[in-house]
Amino acid sequence: MTTLSADFLQKKRAPSVDTSIENYTPDPSRLKIKIYSDGADKAAMLEMYANPLVSGFTTNPTHMRKSGVTNYRAFAKEVLGLIPDRPISFEVFADDFTEMEDQALEIASWGRNVIVKIPITNTRGQSSDPVLRRLAAAGVQVNVTALLTLSQVQRATECLGAGPPCKVSVFAGRIADTGRDPVPMMAAAVDLLRPYPNLELIWASPRELLNVFQADAIGCHIITATTDILKKLNLIGKDLSGYSLETVKMFYDDAQKAGYHLLPHRDIDGGFAAD
């Protein structure tokens, strides 16, 4: 009978480990996608304006309310005065389509770098297609927003494809929130926009920095991201072993600062047990 050596058994038990993926370092300088900062905090917007990786901005009424904006027009015009040379999207907030169109025309008049955000429907689920068509015909740069289906993307291309430069914002992050992988849908959306050189696809509402590289890999034109995500750009390529140690130290330091303690005491067998 053949006797297997301990060394042989150990080699059979130990799986091979491919460490190439953890040593891969993404290079932000090779990104083709444009990064837009998403939010309405003026100080954060100016901080991102100083970042050469950020080439545009998007806002919405929810961001504005969260940032304490009370005068929509005054805020927008102040921001446009501070950021005059990069595209900024401001969203209408009317629900009636006639009023929505009037608001869009006024917002568009505030600056050449203004893009007007129009939701794909109103709150009653009625299609905003007629408004999109009229605005495109009037030469208004539109960012059609809150899209989550490919049929909505198709409709948007049909409405805006013959107009000026426009954006189509698909909320990939919200798609992911439903348990669906947004990457195949976003790749299909890229294909739907391909015949229209005036249209750019926005990967909206990303949930993590990785989404920037996913969006870039499928040929998405733009990704919007909040300041919290954009501040993670300095983590790109960070050594994972060093990052692991930083994480351990964070847990330890926070436990010390909180004053946590568990005093050990001997059990009847002479071992130790926690309180």
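A: A salt bridge here is a side-chain nitrogen of Lys or Arg within 4 Å of a carboxyl oxygen of Asp or Glu. The model is predicted, and it holds 11 salt bridges. Side chains of opposite charge can pair when their charged atoms come close.

One of the bridges joins Glu78 and Lys42, with 2.6 Å from N to O. This pair connects distant parts of the chain: Glu78 belongs to helix α5 (residues 72-82) and Lys42 to helix α3 (residues 42-49), 36 residues apart. Glu78 has a relative accessible area of 38% and is partly exposed. Lys42 is partly exposed too, at 33%.

Another bridge is made by Arg207 and Asp177, whose closest N and O atoms are 2.4 Å apart. Here again distant parts of the chain are linked, since Arg207 sits in the loop between β7 (199-204) and α11 (210-217), while Asp177 is in helix α9 (residues 172-177), 30 residues away. Buried means under 20% relative accessible area and exposed means over 50%, with partly exposed in between. Asp177, at 52%, therefore counts as exposed, whereas Arg207, at 42%, is partly exposed.

Arg194 and Asp191 form a further salt bridge, with 2.4 Å between the closest N and O atoms. Arg194 is exposed, at 56% relative accessibility, and Asp191 is partly exposed, at 46%. Salt bridges also connect Lys34, Lys167 and Glu200 in a network.

The aromatic side chains come next. Two rings pair if their centres lie within 6.5 Å, and the count comes to 4 aromatic pairs. In one of them, the ring centres of Tyr72 and Trp110 are 6.2 Å apart and the planes meet at 50°, so the pair is tilted. Tyr72 is in helix α5 and Trp110 is in the loop between α6 (97-108) and β4 (114-119); the two lie 38 residues apart, and the pair links distant parts of the chain. Tyr72 is buried, with a relative accessibility of 15%, and Trp110 is buried as well, at 15%. Both residues belong to one aromatic cluster, together with Phe90 and Phe93.

Technical notes. Residues numbered from 1 in each chain as written. Predicted model: local features only at pLDDT ≥ 70, side-chain atom pairs only at ≥ 80, totals over all residues. Heavy atoms only, no water. Helix = DSSP H or I, 4+ residues; strand = E, 2+ residues; numbered from the N terminus. Buried < 20%, exposed > 50% of the residue type's maximum accessible area, 1.4 Å probe, protein only. Phe/Tyr/Trp six-rings, centres within 6.5 Å; stacked < 30°, edge-to-face > 60°.
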